Amino acid sequence: MTQEKKPTWKDAIQLGVIGGVLVLFVSLVGMVQAFDGRYIISETLTLGQLLLFLPPLIVGYISATRTDAQHRVSGILFGSVSGLVTGAILAALLLLGSAINLRAMFINASPELMDILMFGQETLAVATAVLVIGGALLSVLGAVIRLSPPLIRSAILSGVSAVIIMGIMQELLKITFGGRDWYMPIDDFLYEQKGLSWMGVVVTFLLGVAISLWRARSASRPKKTVVKTRSRERQRYVQIGSFVLGAILLLILPQFLGPYPSEILNTVGIYVIMGIGLNIVVGYAGLLDLGYVAFFAIGAYVVGVLTTTGSLATVMWSWWLALPFAVLVSLLAGVILGIPVLKMRGDYLAIVTLGFGEIIRVVALSNWLKPYIGGAQGILQVPKPQIGDFVFKDPEQIFYLVAIGIGIVAFVAFRLRDARVGRAWKALREDEDVAEAMGINLVNTKLLAFATGAAFAGLSGAIFATKLGSIFPHSFNLIVSINVLSLIIVGGIGSIPGVLVGAFMLVGLPELLREFADYRMLMYGALLVVMMLVKPEGFIPEKTHKAELTDRGDVDFDSEIEPIAPAITEI
Amino acid sequence: MALLELENVHSYYGNIHALKGISLTVEQGEIVTLIGANGAGKSTTLKTISGIIDPRKGSVRLEGEDLVAYRAHEVVSKGVIQVPEGRRIFTRLTVRENLEMGAFLRNDTQEIKKDLEWVFSLFPRLEERQNQVGGTLSGGEQQMLATGRALMARPRILLMDEPSMGLAPVLVDLIFDTIKDLNEQGMTILLVEQNALLALDVADRGYVLETGMITLAGDAKELAANPQVKEAYLGG
């Protein structure tokens with residue numbers, strides 16, 4: 001047999017095993033079961049089933065990428081083998097799980113899971129066959145999608161994504177717009193009781209296809225240099241116009257969305273403010289700070305102590321009066337952290353900042369400060385801000401605070417980036433010693449980065465305190481720092497729009513999909529690994545980082561070795 | 001008064017006595033070279049001048065003003081500019097950004113523009129590649145960039161640390177031609193080199209450094225003819 005000599009057969013089986021491990025994993029950690037309650041397509045497809053379908057599909061897709069265009073048939077064949085293996089592994093789980101009790105080891109290998117894996121079949125034999133053949137068919141489908149012309153491929157993928165997204169969004173849309181008259185007909189049309197109706201599937205699929213085609217068309221059209229031909233004055237008008245329009249949209253957005261989505265947006269926004277702040281420290285200045293939550297906590301506690309009307313009441317200031325103090329104290333804390341770590345780099349800096357973050361949390365929990373900040377019981381009754389008679393009471397009103405906060409912070413970050421200090425940060429990030437040799441004052445430059453980042457986190461904490469109305473130490477654990485760092489990495493280190501995207505993905509999505517909450521960290525981990533492999537520069541990369549992480553162009557390696565200059569080269 | 005003057009400088013790395021009483025002078029408009037084997041103290045001398053290491057004893061003076069009290073970035077603002085060993089360009093910034101970074105302390109936009117053109121005229125290769133990321137340059141081009149970046153700071157004295165290191169012979173010649181050229185335009189240069197033959201060829205005067213002490217000093221031509229130097233550094 002000639003085929004056996006081809007290494008690709010081994011690849012196909014290898015891929016199949018990887019797919020198999022993936023389905024086993026999502027099944028045994030309980031995701032399949034947890035997501036089975038949510039229907040994407042009414043009575044037909046649940047999110048849990050989709051989770052089982054995806055690995056063979058992806059395996060088939062990848063399998064097909066490894067064959068060239070001339071060998072379509074063999075590509076599909078390879079795909080089917082991969083899917084067969086994946087399906088067989090899943091079938092093995094079903095057989096094993098039905099024969100013996102796996103729950104001693106895998107708590108989620110429950111009868112319910114086995115029930116899901118039966119896919120409605122009566123006998124085990126038929127169900128096994130369905131899994132194996134189904135796996136193969138799905139892989140073939142994946143391979144066919146991969147091997148179809150790019151235009152059709154992206155159209156199909158876009159259509160399918162649209163169906164999945166709309167399926168998942170059903171509940172959210174209902175919560176948000178359920179009471180509105182205009183929404184009910186749309187809901188009736190698109191959705192059954194649970195999941196999309198078939199009509200809805202067709203419509204959303206076509207919508208997805210249309211979007212994809214439209215994008216392909218506008219991308220292929222040659223771009224006109226509209227901006228350049230416009231007069232400066234007109235540009236200015238357009239700028240002001242879009243600003244006013246954006247402001248009006250932001251003003252009515254929370255009223256339009258209602259409390260629950262507004263609350264999610266607020267949470268996302270609080271992380272955006274922190275993200276922009278940490279972006280200055282990590283992204284601009286290249287100082288890895290793992291204890292960033294400390295400044296967030298300090299901002300929140302300062303506001304709490306100064307404004308609370310509860311049992312720990314002190315001066316009972318208004319939120320507005322306390323805000324500048326919160327920002328200022330956080331800023332000072334940033335400088336205080338900055339001074340001892342001035343000489344540290346890389347890993348050492350990360351460890352020290354990590355410790356600083358923990359210190360703040362432990363101090364907040366301690367009995368020592370309990371009379372002032374409440375220890376584990378925290379601070380209750382943090383009042384809401386007020387302007388005249390307007391109280392920022394509900395999520396819809398807090399949203400304005402968050403939006404203004406983001407606006408200010410983003411503006412400052414943009415200005416700093418383009419200012420002299422932004423260039424100093426850039427040099428510092430690239431090479432500390434040489435930055436000094438350019439005449440850059442390292443002490444001031446570093447401290448300014450720490451201080452700015454910390455001040456932003458303080459602002460974020462201040463809004464967080466009043467949003468929640470109370471402060472507890474457990475809100476300020478290491479996970480917050482990790483989240484913020486992750487979201488700037490996913491968005492693209494150094495990029496402010498990237499922070500927005502990252503925050504929506506890592507903070508917004510898990511809030512939207514309650515089922516994901518238990519698997520949040522799992523998803524983070526998976527997403528970060530995939531991002532680093534596939535798109536290490538993030539979703540919206542900043543220019544310099546992109547240059548580092550992608551193709552470097554015409555590198556000239558011929559002349560000599562790379563320059564390596566250790567700090568101390570001779571004695 | 002000499003432009004740069006080191007007097008009885010003692011520098012340490014921890015307990016290691018690296019410079020044991022170095023005295024040297026560089027006059028305005030001169031090329032002075034510091035030659036010696038690995039570990040003789042050449043780079044330590046440069047680090048002491050630029051304020052990265054503080055001497056325990058002795059003084060470093062620029063036109064009579066003591067530099068020891070200044071921190072490294074302040075020494076830069078006095079016009080003592082380094083071309084670091086191993087070039088150390090910003091590999092992820094473009095050639096142009098690298099050069100602009102060299103002018104970090106300056107505010108005179110118009111003059112910076114002029115100097116940029118001057119650097120481009122010295123190294124036309126850099127102009128061709130100005131929008132390319134520094135890391136993509138060849139070693140010779142990186143040395144040009146590091147030199148250009150230092151020139152953008154308008155040095156009163158240029159400290160060059162091993163500019164020939166790791167370069168192909170033809171590129172070494174090019175770099176040394178540039179050093180001569182710069183000197184003819186009035187630049188004062190303190191050149192640290194392992195390649196003693198080349199260094200003494202372009203320099204006006206030279207100092208030979210051995211285990212932290214200056215063992216020989218004098219006119220470059222005389223040093224090159226000195227039998228001791230010949231044996232030790234010029235391959236007999």
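Predicted model: local features only at pLDDT ≥ 70, side-chain atom pairs only at ≥ 80, totals over all residues.
Residues are numbered from 1 along each chain as its sequence is written, chains are lettered from A and ligands numbered from 1 in the order in which they are written, and side-chain values use heavy atoms, with hydrogens and water left out.

The secondary structure of chain A comprises 24 helices and four strands; helices (H or I, at least four residues) and strands (E, at least two) are DSSP runs numbered from the N terminus. The C-alpha atoms of chain A occupy a box of roughly 75 × 70 × 65 Å along the principal axes. Of the 571 residues of chain A, 47% are buried, where buried means under 20% relative accessible area, exposed over 50%, and partly exposed in between (1.4 Å probe, protein chains only). Chain A exposes about 28,700 Å², of which carbon and sulfur atoms supply 69%; accessible areas come from the Shrake-Rupley method with a 1.4 Å probe, and for residues only the protein chains shown count as cover.

Chain A is divided into domain 1 (1–147), domain 2 (150–219) and domain 3 (259–484), with bounds from an automatic or database domain assignment. The centres of domain 1 and domain 2 of chain A, taken over C-alpha atoms, are 26 Å apart. Their contact (heavy atoms within 4.5 Å) takes 13 residues from domain 1 of chain A and 14 residues from domain 2 of chain A.

In chain B, an open sheet of six strands has the order S6-S7-S8-S3-S9-S10, with mixed pairing; two strands pair if DSSP finds at least two bridges between them. Strand S6 (80–83) and strand S10 (213–219) of chain B are the edge strands, each pairing on one side only. From one strand to the next, the twist averages 20°; axes are lines fitted to C-alpha atoms, for helices over the stretch in contact, and angles run from 0 to 180 degrees between N-to-C directions.

Within this sheet, S6(B) and S7(B) pair in the parallel sense over four bridges, and Ile81(B) stands opposite Leu158(B). S7(B) also runs parallel to S8(B), joined by five bridges, with Met160(B) opposite Leu191(B). Five of the five residues of S7(B) are buried, so this strand is largely enclosed by the rest of the structure. Ile157(B), Leu159(B) and Asp161(B) point one way from S7(B), whereas Leu158(B) and Met160(B) point the other way. In a regular strand the side chains alternate between the two faces of the sheet. Helix H7 (residues 169–184) of chain B lies across S3, S7 and S8 of chain B, at about 155° to S8(B).

A second open sheet of chain B has four strands in the order S2-S1-S4-S5, with antiparallel pairing. Its edge strands are S2 (16–26) and S5 (65–66) of chain B. Strand S4 (residues 57–62) of chain B pairs with S5(B) over two bridges, and Leu62(B) stands opposite Glu65(B).
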